[in-house]
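Hi everyone, thanks for coming.

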Amino acid sequence: MEASRLRLEIGGVVQGVGFRPFVYRLARELGLAGWVCNSAAGASLELEGSEAALEGFLLRLPREKPPHAEIAHLEVRKIPPRGEGDFEIRPSLAGEKTAAILPDLAVCEGCLAELFDPADRRYRYPFLNCTRCGPRFSILEALPYDRVHTTMKGFAMCEACRAEYEDPRDRRFHAQPIACPRCGPRLEYWDAEGRALAAREEALPCAVRAVREGKILALKGLGGFHLIADARNDAALERLLRRKAREEKPFALMFPSLAALREAAEVSELEARWLQSAEAPIVLLRRRAAAGLSTAVAPGNPYLGAMLPYTPLHHLLMTEWGFPVVATSGNRAEEPICTREAEALERLGGIADAFLVHDRPIARPVDDSILRVMAGREVLLRRARGFAPLPVAVPVSRPVLALGAHLKNTVALGVSDRVYVSQHLGDLQTPQAMAAFVEAAERLKACYETRPETVACDLHPDYASTHFAESLGRPLRRVQHHHAHVVSCMAEQGLEGRVLGVAWDGLGYGSDGTLWGGEFLLATRAAFQRAGYFRPFPLPGGERALREPRRVALGLLYEALGPAGLSDFQGPLRTAFSPAEWRLLGKMMEKGLQCPRSSGVGRLFDAVAALIGLRPIQKFEGQAAMELEFLCEESDDRSGYSLEVRPETVGFVLDWRPMLHELLADLAQGKARARIARRFHLGLVQGLLQAARLTGERRVVLTGGCFQNKFLLEAAVRCLGEAGFEPYWHRSIPPNDGGISLGQAAVVAAQDRG
Ligand code: ZN
Ligand code: ZN
Ligand code: FE
């Protein structure tokens, strides 16, 4: 029978996932000759054999591919047969620089079975991995993804590992971080001063004992250090809280098993799937009343941020403990996670009682990702481990480096029709975050060997990311913050053409130099027009108002009631200020001193939280809004407050003053805070709907930090859908400023296309 020969070009995520050995096995099984190798875009292969065998191969390839492989693009060409008899795996083709870098993956079932099998040579070895699991991005120093370009380069493979590494039939064929107890990384247990007390098999039991005894353990994990403590132990957690000067942010937890987690929180089927996925993010879950956890875990918060063990080391520890532990990033809030031993000793000294460390270096900080299921599907709130730096498909003609915003910063690189988005880097207000930011930008460029012609940054002149962009001395494109929000969602959802972008956040720099944040933009990827916005109000004290919702509330009152109304005002807000402060801030607003005006919806949340006496001063960005969201779930009121949507000479304005008056009336009548919170949320959604009707645009994109709010997002999606609109919202890119870098890159790419 005559043989045919095919050439296949495959693009997507096919490197570092066991794709070539899979192709090798499938081809051999079908009696096909030819070869496979990694290529610039992914993988290239040639196959020779009978028509039936070739057809079988093409049919089974997508169906049976390894779990983490993704075939984004497949091109098949018929070429003349060569009469080869064998199938082989060939060395990589040159120019491998655009293949996707794989994120770190949770330990797979095969490796877990070995971990707990006394007969296996890797029994209880905390660093085992294979082509289907283990570290990738966090150990990668350069492309292509070969061992010499990872932090495993310092470990020489033993003979047994080498044999597995070179055998195409083995699960560990070309598993770059391959290791075993004889040749791989090893554990050490240190006291608080960094003195090694135990090593290898002796180290783990020491750490287990320490946490059982109520000590705080600094654990070097996959992408950085975690602080670990027994989540049931009040004294331990209070010590951790005190030492970490934790800004009242809820702690993330790790549970020994899904069953144990179900006892503490409600877990839907979709949430369970994500918890057990290879990405293994922190999932925000509704907690149960009798959770058996210390009250210090997440005081007053109806949700828990929980995850399951994702490295072999976590599995070994959690199996020993058998109880949930707090596993919070080893850092201060919104700083990048700490990755080096020396740094950990310095930054976590005085917090941790003991250290469990190892000698596999971490190439870059990679935090745990955070995911919340909203409106029936997942939305990433922090995109890091398991997801970064997977790209988003965006037509890019010229390379562009996008530097993001200021808070929850990420950077992005657009090259050959993809935008690679970095891991979450933190708020750019600490030296650590700045260093991680600069390094992430350099690394992205270096990995893909591009010198981007264009640099994109925020329109805000004072962001550290803007200053850095200016210092690069390349053509600069300043992208308006809310346009970037809208386009980040369009890019991830694959939307082209014109949409109504609803971008609600704390604030961002507007095209007119004022602070925006309650925006309705008629937008394409390349351009936008401001169709409508919230009536601006003063923020007495500027920056300080961001931390003090009570000031925003005062600004709102001043704007609505005027100076006389403000001095006559009676309400719980009065008690949040001394009489002198009240007068002084009133005077500041009269004179317009240090009172920038803003239209940020996020600030409206702050104001309402302060007006009802919920939170006059917040410890972190978004705290007041979060508490207001939780509160409104306790009411079942269905009538929202009134937002007046009023046409202006250009576009329309959403006036919140009727809303404020109704709210103050409810407050005066002693209505429950939950009811007020809920009516506020519903009023915003009704206003959104009215505004959407005015523009007549059918596709509505919901973006900005405010849409991390489950109640708001779900109500908006439902109302828009019922009214015949098509709502779009985020999924794999955060609605908060973590998405800005992608948006910037996609805007510039669209403008370049013309
Ligand atoms: Zn594995
Ligand atoms: Zn070995
Ligand atoms: Fe924003």
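Let me start with a question: what kind of site do the 4 donor atoms of the iron ion (ligand 3) make? Keep in mind that this is a predicted model. The answer is an irregular one, with angles among the donors that run from 84 to 173 degrees. The ligands here are H481 and H485, each through NE2, plus D505 and D737, each through OD, at 2.1 to 2.3 Å. Along the chain, these donor residues follow the spacing H-x3-H-x19-D-x231-D. H485 sits in helix α13 (residues 481-493), while D737 is in the loop between β31 (726-728) and α22 (740-753), so this pair ties together parts that are 252 residues apart in sequence.

Now over to the zinc ion (ligand 2). Here the SG atoms of C158, C161, C180 and C183 do the coordinating, at 2.2 to 2.4 Å. The angles they subtend are 102 to 117 degrees, which makes this arrangement tetrahedral. The spacing of the zinc donors reads C-x2-C-x18-C-x2-C.

Last stop, a pair of helices. Helix α19 (residues 657-668) packs on helix α20 (residues 673-695) at an angle of about 165 degrees, and their axes are 10 Å apart. The two are therefore roughly antiparallel, and their crossing is right-handed. From α19, the contact uses M659, E662, L663, D666 and L667; α20 brings R675, I676, R679, F680, G683 and L684. Sorted by type, the contact residues are 6 nonpolar, 1 polar and 4 charged.

That's my tour, and I'm happy to take questions!

How values were computed:
Residues are numbered from 1 along each chain as its sequence is written. Chains are lettered from A and ligands numbered from 1 in the order in which they are written. This is a predicted model: local features need pLDDT of at least 70, side-chain atom pairs count only at pLDDT 80 or more; totals for chains, interfaces and linings use all residues. Side-chain values use heavy atoms; hydrogens and water are left out. Axes are lines fitted to C-alpha atoms, for helices over the stretch in contact, and angles run from 0 to 180 degrees between N-to-C directions. Helices (H or I, at least four residues) and strands (E, at least two) are DSSP runs, numbered from the N terminus. Angles under 35 degrees count as roughly parallel, over 145 as roughly antiparallel, 65 to 115 as roughly perpendicular and the rest as oblique. A crossing is left-handed if the near helix is turned anticlockwise from the far one by less than a right angle, and right-handed if clockwise. Contact means heavy atoms within 4.5 Å. Ala, Val, Leu, Ile, Met, Phe, Trp, Tyr, Cys and Pro count as nonpolar, Asp, Glu, Lys and Arg as charged, and the others, Gly among them, as polar. Donors are N, O and S atoms within 2.8 Å of the metal (3.2 Å for Na, K and Ca); water is not among the atoms, so sites may look incomplete. Four donors count as tetrahedral if all angles lie between 85 and 135 degrees; four count as square planar and six as octahedral if opposite donors are over 155 degrees apart and all others between 65 and 115; anything else is irregular.
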